[in-house]
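Let's take a walk through this fold together. Have the sequence and the model open as you read.

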Amino acid sequence: MPQQHSHTTPHNSATPGGHAPIDDGAGGPVVLDRRDGPHGEVVLRQHGQLLQIIANGTFLMDTSDGRSERLLVRAALEELRRGAHRRPPRLLIGGLGVGFSLAAAADEPAWGRITVVEREEAVIDWHREGGPLSRLSARALRDPRTEIVHADLLGHLGGGERFDALCLDIDNGPDWTVTEDNGSLYSPAGLAACSASLAPGGVLAVWSAQASPTFEDALRNAGFRRIRTEEIPVIRGVPDVVHFATKPA
């Protein structure tokens with residue numbers, strides 16, 4: 001989970017960079033589960049037909065759309081193909097969230113192993129069989145390529161394993177993190193860990209609620225190439241974006 005991000009903000013919130021969840025006229029949200037964990041409070045609530053994840057009072061994401069989360073993994077695969085990648089690529093998704101990115105990855109037979117790193121045990125529980133979010137992820141979780149890892153992303157990246165694509169969706173973006181310690185992921189040391197966890201020619205894709213020119217500079221300084229930012233229109237508010245960068249072959 002955002003340690004995978006705030007696509008939206010609560011009603012009447014003045015938080016910058018997010019988009020208000022759709023009000024479908026079904027009344028106010030209902031809390032389905034509330035947990036206190038090592039990183040603070042995490043909540044799953046239902047608002048009409050939508051399921052919403054909130055962490056420490058920050059609205060992270062809901063089940064209303066998912067276009068940008070799906071693009072996160074689809075465009076990463078396209079970037080790999082531009083580099084004439086041969087073997088089935090190994091994918092790491094940082095943040096399980098509501099499961100859109102995982103579902104998109106499992107729908108693509110070209111991916112090899114799919115590893116999802118999620119630090120909030122509650123989010124993983126909500127996706128287990130019979131859980132509120134299992135309708136979005138059940139088929140992907142049954143896929144033999146899929147592995148769910150309960151861990152902090154930066155700690156997992158330091159384990160020596162290499163991937164062909166890192167798709168990170170754990171915050172509102174580099175300039176707006178869910179918890180203060182998440183900022184280390186976008187620091188020079190964090191980007192160095194991302195690079196070290198990528199195979200040569202591997203792709204880093206980072207979801208963000210808004211473009212971050214300073215993050216593009218940080219990616220260049222970290223040695224990445226082919227850096228670009230792609231906007232994804234949303235139902236309301238400013239577009240989501242995905243930052244892409246490639247490790248030199």
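Which residues touch the most other members of the largest nonpolar core? They are Ile53, Leu91, Ile93, Trp111 and Trp126, out of 40 residues in that core. A nonpolar core here is a set of buried Ala, Val, Leu, Ile, Met, Phe, Trp, Tyr and Cys residues joined through side-chain atoms within 4.5 Å, and buried means under 20% relative accessible area, with exposed over 50% and partly exposed in between (1.4 Å probe, protein chains only). Helix α1 gives the most to this core, with 6 residues. Another core, of 22 residues, lies apart from it, and Val149, Leu153, Leu166 and Ile170 are among its members.

Before going on, a word on what you're looking at. This is a predicted model, where local features need pLDDT of at least 70, side-chain atom pairs count only at pLDDT 80 or more, and totals for chains, interfaces and linings use all residues. Residues are numbered from 1 along each chain as its sequence is written, and side-chain values use heavy atoms, with hydrogens and water left out. pLDDT is the predictor's confidence in each residue, from 0 to 100; the chain averages 84, and 83% of the residues score at least 70. Over residues 1-25, though, pLDDT stays under 50.

Now for the sheet. Its 7 strands run in the order β7-β6-β5-β8-β9-β11-β10, open and with mixed pairing. β7 (146-150) and β10 (225-232) stand at the edges with a single partner strand each, so one side of each is left without a neighbour in the sheet. β5 (residues 91-94) and β6 (residues 114-118), for instance, pair in the parallel sense over 4 bridges, with Leu92 opposite Thr115.

Finally, look at β1 (residues 30-37) and β2 (residues 40-47), which pair in the antiparallel sense over 7 bridges and are joined by a hairpin through 2 residues. Asp33 in this pair stands opposite Leu44.

Note on methods: Two strands pair if DSSP finds at least two bridges between them. Contact means heavy atoms within 4.5 Å.
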